Amino acid sequence: MTLPGTDTLIIEQPWGVLRHLLGTRYRNDVYDGGGALIASVSERRFLGPLRKLLRVTAFSGRTTFDLALADRGRQLLLIRKGAGRPPTRVTWPNGAVAGSVRHEGHGAYGLLDAAGQRLCLLHEVASFSPGAIVKRDGRRVRRDVLTLRPGTPDPVRSLAIAAAVAYDVVRGAGTNHTSAGAFDFPTLT
């Protein structure tokens with residue numbers, strides 16, 4: 001099953017003391033509803049010393065992020081957020097802009113087209129359950145679950161997937177899970 005063909009995504013990231021205190025790179029794995037690994041999200045660029053330093057502070061969510069959602073090395077979506085609090089931009093591997101995701105406060109996330117016009121809110125096309133701490137292969141992970149409405153068309157589908165797989169970037173926490181509010185996982189449903 002490919003990422004575009006599944007409506008339920010299980011997104012997991014390592015959840016441990018060292019990850020919270022020293023983690024500077026964004027990384028998670030994406031599974032289908034049956035638990036099969038279908039993709040991974042990771043940073044595409046080297047982090048310089050200043051960005052590494054900022055990533056272990058409360059400023060992590062305001063640093064730049066350049067992520068790739070890939071299936072066995074084949075890029076599916078590119079997810080970029082600039083410094084500060086701009087919308088998170090989503091492009092397809094060919095460079096075409098799918099749109100962007102904007103945190104609108106109080107657990108609302110707007111899915112915007114390439115021109116910046118709101119297409120819908122995330123909760124209108126998907127349910128999202130963030131933050132369950134579980135074990136996979138003997139290690140603790142934070143598990144987020146995205147369930148898309150069947151038949152959701154692109155670019156809305158790709159934007160909703162990007163919002164879920166880069167949730168900490170979109171909501172402004174980045175890689176820092178020790179700052180105030182980092183453990184507050186609002187429900188997006």
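How many salt bridges does the structure hold? The structure holds 13 salt bridges, a salt bridge being a side-chain nitrogen of Lys or Arg within 4 Å of a carboxyl oxygen of Asp or Glu. This is a predicted model, in which local features need pLDDT of at least 70 and side-chain atom pairs count only at pLDDT 80 or more, while totals for chains, interfaces and linings use all residues. Residues are numbered from 1 along each chain as its sequence is written, and side-chain values use heavy atoms, with hydrogens and water left out.

**Overall make-up**

- The secondary structure of the protein comes to 5 helices and 11 strands, where helices (H or I, at least four residues) and strands (E, at least two) are DSSP runs numbered from the N terminus.
- Of the 189 residues in the protein, 48% are buried; buried means under 20% relative accessible area, exposed over 50%, and partly exposed in between, with a 1.4 Å probe and protein chains only.
- The protein has an accessible surface of about 8,900 Å², and carbon and sulfur atoms account for 56% of that surface; the areas come from the Shrake-Rupley method with a 1.4 Å probe, and for residues only the protein chains shown count as cover.
- When contacts between residues at least 6 apart in sequence are considered, 48% of them join residues at least 24 apart, a contact meaning heavy atoms within 4.5 Å.

**Salt bridges**

- R142 forms a salt bridge with D144, and the closest N and O atoms of this pair are 2.7 Å apart.

- R72 is not a glycine, yet it has a positive phi of about 50°, and its place is in the loop between β4 (65-71) and β5 (74-81).
- The side chain of R72 meets that of D71 in a salt bridge of 3.2 Å, N to O, in which R72 is exposed, with a relative accessible area of 75%, whereas D71 counts as buried at 6% relative accessibility.
- D137, also not a glycine, has a positive phi of about 55°; it lies in the loop between β10 (126-136) and β11 and counts as exposed at 71% relative accessibility.

**Second largest pocket**

- The second largest pocket has a volume of about 170 Å³, a volume being the space filled by probe spheres set on grid points that are joined across faces, edges and corners.
- A pocket is an open set of points on a 1 Å grid over the protein atoms alone, where a 1.4 Å probe fits, with protein on both sides within 12 Å along at least five of seven lines, and lining residues have an atom within 4 Å of a point.
- Residues lining the second largest pocket include E12, R27, D29, Y31, R136, D137 and R139, and the elements that give two or more residues to this lining are β1 (8-14), β2 (27-32) and β11 (139-148).
- The largest share of the lining, 4 residues, comes from β2.
- By class, the lining has 3 nonpolar, 2 polar and 6 charged residues, with Ala, Val, Leu, Ile, Met, Phe, Trp, Tyr, Cys and Pro counted as nonpolar, Asp, Glu, Lys and Arg as charged, and the others, Gly among them, as polar.

- Helix α4 (residues 156-165) is largely enclosed by the rest of the structure, because 10 of its 10 residues are buried; among them are V156, R157, L159 and V165.
- The peptide bond from D154 to P155 is cis, with omega near 10°, and P155 has its place in the loop between β11 and α4.

**Surroundings of A108**

- A108 lies in strand β8 (residues 108-112) and counts as buried at 16% relative accessibility.
- Not counting residues up to four places away in sequence, A108 touches R102 and H103.
- The C-alpha atoms of A108 and R171 are separated by 9.6 Å, although the two residues are 63 residues apart along the chain.
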